[in-house]
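Hello,

Here is the structure I promised to pass on to you. Have a look at it first, and then read on for what turned up in it.

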Amino acid sequence: MDNRFGFKDLVFTLLLAVFIISVWLAMKQMDRHGDVLRSIDQKLTDQTRDLARLRRLLDQGSLALNARHSSNPGPATQGSSDQGESPAQADPFARIRAVQQNPDYALGDFYVDVFAVVPDRLTPLVSSDVYASTVQSYVLESLAQRDPETLEWQPLIASDWTIEDNTGAWRAYMQRQGAEGAATAPTADDPERPIPLAITFRLRPGVVFSDGEPLTADDVVFTFDWIMNPEVEAPRERAYYEKIQRVEKVDELAVRFVFKEPYYQAFELAAVMPILPEHFYSRWTPQEFNQSTGLLMGSGPYRLEDPESWRPEPGKNIELVRNERYWGEPPAFDRLVWRIIENDAARLTTFRNGDIDEFPAQPEQYQMLLKDPDVQNRTQHFEFQSPTAGYLYIGWNQQRNGKPTIFADRRVRQALTMLIDRQRIVDEVMLGYAQVVSGPFNPLSPQSDPSVEPWPYDPTRAAALLKEVGFEDRNRDGVLELPDGRPLRFELNYPAGSEVFERIVLFIKDTLARGGVVMDPKPLEWSVLLQRVKDDRNYDAVSLGWSGTIESDPYQIFHSSQIPAPGDNSTSYANPRLDALIEQARMTVNEEERMPLWHQVHRILHEDQPYTFLFTRKTLVFFDGRIKNIQRTRLGLNPLQEWYVPQEQRKWSR
């Protein structure tokens, strides 16, 4: 065979060479583009840091100027022991700046979390679930915040504060009024009545909302007035802020909270009020605000890309982007993303696949993941009992359609509690990662009376109580009935989608059945459940959970004034003695005097059982291993703003 290199071979070789050279040039060009993109990314990161430093320097200069020219508004204590260190010396971003010194610290990446349900709305005040509150916490800011480790108050939007404490003069005045037999209680507007307490906050100059508008005293006054507007559907907030007589503007950067009476959480009440921008929210009427689903703007480190038009959509992520105009230290993550995955097993699969960065595990999942070497190699996990952990409960609706229900009788509620073996639920369903509770106060809190023992599992005693009410198994069918034949039967509503909730409910159904009680489980989609329980009060019983705080105020849940919808006393529970004790405790500023009052509240709620208090659980949570500086604190975990991902480990981008 003649083996020649012909013209066609030459053309082919030349074309191949051109192709190879083109590919090589394209690769070089891509490398250059990559270098350019990395350079742009680094420049943007540097600019973000430079802007934060510039704002900080301007802020410090303004603070020094204000300190020289500010005047003391009256007799006061400043930075007293229960309010934290001298606020002028506290730096709210000291912990973040310390983290920034780590050699691998970098800005960038997304943080992808998961929600079990779609929040029904993100609009502040009118939203009512923990999911919306989580999103809002990164957008809205308050005047002060607690240090996660020391728990002391430190400034945030406020740079300083002054406290005027006239409690002694106020009590003396009230005692004189009582001794003189005044026909009516003196009003807060009586010019002779001393102001019991006032707190003046000096606002930090340079704070702006995410649209660039400055945050001033007018916004603080507007927020309070908006909360107290009876046309705004914010009964939970009004239940607390009614303690404040007025919020008044001192000047553009100073605002004064004047209280009607002493209140043990007075400082916290003022300090944590999320500040709403007047120029944004005043565009809507209260009715439009109440009906909105996604009006969310603030001064926080993150923002909604569209602060006006968010709508709940099944399967659609909720996303926040870094607020470029943020006045403080920029957070590391470019975006915060929440995926909506309602099913427990689906959330687990998604985490295993690396598609979410955080996974709050149920007990069985937690133990299984601890044994999985692949998961252990690429994740980190935390297990802890927080003093702010809430509790799971069953609420017994005592009034439906204006008429008393079978749960209006305390003996029925006590009996049902004793028919539920809560310790077995903790041991067998929660695998020991929980603790049976006897009331609404966390067992780690001084509010909780350690002498109160949870109701025991005692079917015999429960049967005796139900017999007193008139319930007996009259036709020998295993179900208790009243003399008129009505069986002891009810429907239990609970959130759909949780396998653990499902197991708990089925466990309760089984134990109640052994005592002759028929419980019909009825899982509901979240928005439907909230509508039925909170707004309509159209239910028999409900199983839900409450989150906790360092020292909780049971007023919103158990005081009889909160029975009308949309108040949080959805079980229509009323006890005048409890009301009086809650009111007295709220006015008792001295902690040593207040705690015995909370213990009495605890004992009454234990005895009355408006809820069957089930358990408080441990936090069992996994995180993607690339996320650095997640730390345990006294309250649980340190804030997300202190977390970061090294540049070479970034995972998400857009």
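E551 and R594 are both buried, and the two form a salt bridge in which the closest N and O atoms are 2.7 Å apart. Because E551 sits in the loop between β19 (541-546) and α18 while R594 belongs to helix α20 (residues 591-608), the pair ties together parts that are 43 residues apart in sequence. Please keep in mind throughout that this is a predicted model.

The side chains of D568 and K534 meet in a salt bridge at 2.9 Å, N to O. This pair also links distant parts of the chain, with D568 in the loop between α18 (555-558) and α19 (576-586) and K534 in helix α17 (residues 526-536), 34 residues apart. D568 and K534 are both buried.

The other pair is E305 and R335, whose side chains meet in a salt bridge of 3.3 Å, N to O. Here E305 comes from the loop between β8 (302-303) and β9 (318-322), and R335 from strand β10 (residues 335-340), 30 residues apart. R335 has 12% relative accessibility, and since buried means under 20%, R335 counts as buried.

In general, side chains of opposite charge can pair when their charged atoms come close. The structure holds 39 salt bridges. Some of the charged residues are linked in a network of salt bridges, namely D109, D357, D624, R626 and K651.

D109 is found in the loop between α2 (94-100) and β1 (110-115), and at 1% relative accessibility D109 counts as buried. R476 also has a positive phi without being a glycine, near 60°. R476 lies in the loop between α15 and β17 (489-495) and is exposed, with a relative accessible area of 73%. There is a cis peptide bond to check as well: one joins A565 and P566, with omega about 5°. P566 is in the loop between α18 and α19. As background, most residues other than glycine have a negative phi, and most peptide bonds are trans.

Now for the protein as a whole. The model has 20 helices and 23 strands, and buried residues make up 51% of the 654 residues. Among contacts between residues at least 6 apart in sequence, 73% join residues at least 24 apart.

Which residues touch the most other members of the largest nonpolar core? They are F201 and F257, in a core of 115 residues. Helix α5 (residues 217-228) supplies the largest share of this core, with 7 residues. A second, separate core has 39 residues, including W396, M418, I420 and I425. Going back to F257, and leaving aside its neighbours within four places in sequence, its contacts include L143, L197, F201, V220, I244, R246 and M273.

V118, W310, R311, E313, K316, N317, I318 and I340 line the largest cavity. By type, this lining divides into 4 nonpolar, 1 polar and 3 charged residues.

Two loop residues complete the tour. T405 is in the loop between β15 (403-404) and α13 (410-418). T405 and D540 are 135 residues apart in sequence and 8.1 Å apart in space, C-alpha to C-alpha. S448 lies in the loop between β16 (434-436) and α15 (459-469), and at 13% relative accessibility S448 counts as buried. With residues up to four places away in sequence set aside, S448 touches F441, N442, P443, H599 and H602.

Best wishes, and enjoy exploring!

Note on methods. Residues are numbered from 1 along each chain as its sequence is written. This is a predicted model: local features need pLDDT of at least 70, side-chain atom pairs count only at pLDDT 80 or more; totals for chains, interfaces and linings use all residues. Side-chain values use heavy atoms; hydrogens and water are left out. On a 1 Å grid over the protein atoms alone, a cavity is a set of points where a 1.4 Å probe fits but cannot get out, and a pocket is an open set with protein on both sides within 12 Å along at least five of seven lines; lining residues have an atom within 4 Å of a point. Ala, Val, Leu, Ile, Met, Phe, Trp, Tyr, Cys and Pro count as nonpolar, Asp, Glu, Lys and Arg as charged, and the others, Gly among them, as polar. A nonpolar core is a set of buried Ala, Val, Leu, Ile, Met, Phe, Trp, Tyr and Cys residues joined through side-chain atoms within 4.5 Å. Buried means under 20% relative accessible area, exposed over 50%, partly exposed in between (1.4 Å probe, protein chains only). Helices (H or I, at least four residues) and strands (E, at least two) are DSSP runs, numbered from the N terminus. Contact means heavy atoms within 4.5 Å. A salt bridge is a side-chain nitrogen of Lys or Arg within 4 Å of a carboxyl oxygen of Asp or Glu.
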